[in-house]
Every structure is written in structure tokens, then in C-alpha cells.
Amino acid sequence: AKPTTGGDLPARWVIHTVGPVWRGGDHRERELLASCHRRTLEVAGELGARSVSFPAISCGIYGFPVEEAAPVAVTAVRTHTLDLVRFVLFDDAAYEAFAAAAG
């Protein structure tokens with residue numbers, strides 16, 4: 001995970017991370033996805049950020065099923081020390097998957 005300035009966005013930084021490509025679930029995809037979230041939170045903490053927003057990492061062109069990704073992402077961020085972690089999701093199906101994973 002690497003930070004850059006927020007550019008024209010209403011954010012101080014953008015932390016870039018590359019999620020895993022879904023290859024059927026037997027190639028450590030879940031572990032790698034969790035690592036993307038944890039490392040992004042580490043970088044955010046190092047920068048002094050108080051909040052972070054995540055998309056559904058890897059659920060687009062990389063083919064990670066949102067129903068598989070949501071519990072991995074939610075579990076990975078549960079122990080964060082930031083004031084706020086937000087998931088910004090594309091559609092109702094993604095929202096429902098993340099809401100179910102959040103309990």
C-alpha cells in the first residue's frame with residue numbers, strides 16, 4: 001500500500017493497494033485480500049489519518065465475488081485504531097453483502 005496526495009479529491013491522501021485476482025479461491029486470495037486491508041490501515045496510521053474509506057477491493061475486474069470478499073474485508077478492519085473505517089460500495093448487492101458480514 002502506497003500513499004499519494006489526494007489531488008482534487010476532498011481527501012488528504014489516497015492509499016493505493018492492489019488486490020488479488022480471484023482464481024477460484026484456492027490461491028490464497030482471501031489471505032491476500034485481508035493483507036491489503038490491514039496494510040492500508042497501517043499506512044493510514046503512519047500518516048496520522050483518522051479515517052479511511054475502502055471500495056470493495058478486487059470485486060470489479062479482478063473477479064473476487066463480493067459475497068466472499070465482504071467477510072474478509074470486515075474481519076480485517078475490525079481491530080483498527082482509526083476513528084472511522086467506511087466501505088463505499090458500488091451497488092445494493094455489495095452493500096447487502098458487507099452489511100451481512102458486519103453483522
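**Briefing: fold, surface and cysteines of the protein chain**

Of the 103 residues in the protein chain, 32% count as buried. The model is a predicted one. Its secondary structure comprises three helices and four strands, which follow the pattern β-β-α-β-α-β-α along the sequence. With a radius of gyration of 13 Å, close to the 13 Å that the globule rule gives for 103 residues, the protein chain is as compact as a globular protein of that length.

**Overall dimensions and contacts**

- Taken along the principal axes, the C-alpha atoms of the protein chain fill a box of roughly 35 × 25 × 25 Å.
- Among contacts in the protein chain with a separation of 6 or more, 62% are accounted for by residues 24 or more positions apart.

**Cysteines**

- The disulfide count for the model comes to zero.
- A disulfide is a covalent bond between the sulfur atoms of two cysteines.
- For a pair of cysteine sulfur atoms to be counted as a disulfide, they must lie within 2.5 Å.
- The closest cysteine sulfur to that of Cys 36 belongs to Cys 59 and is 11 Å away, which is too far for a bond.
- Seen from the other residue, the sulfur of Cys 59 has its closest cysteine sulfur in Cys 36, again at 11 Å and too far for a bond.
- Cys 36 has a relative accessible area of 8% and is therefore buried, the cut-off for this class being under 20%.
- Cys 59, at 23% relative accessibility, counts as partly exposed.

**Lys 2 and strand β1**

- Lys 2 is located in strand β1, which spans residues 2-5.
- The relative accessibility of Lys 2 is 61%, so this residue counts as exposed; the class requires a value over 50%.
- Leaving aside residues up to four places away in sequence, Lys 2 touches Val 14, Ile 15 and His 16.
- Between Lys 2 and Ala 93 the C-alpha to C-alpha distance is 29 Å, and 91 residues separate the pair in sequence.

Key:
Residues are numbered from 1 along each chain as its sequence is written. This is a predicted model: local features need pLDDT of at least 70, side-chain atom pairs count only at pLDDT 80 or more; totals for chains, interfaces and linings use all residues. Side-chain values use heavy atoms; hydrogens and water are left out. Helices (H or I, at least four residues) and strands (E, at least two) are DSSP runs, numbered from the N terminus. The radius of gyration is taken over C-alpha atoms; the globule rule is 2.2 Å times the number of residues to the power 0.38. Buried means under 20% relative accessible area, exposed over 50%, partly exposed in between (1.4 Å probe, protein chains only). Contact means heavy atoms within 4.5 Å.
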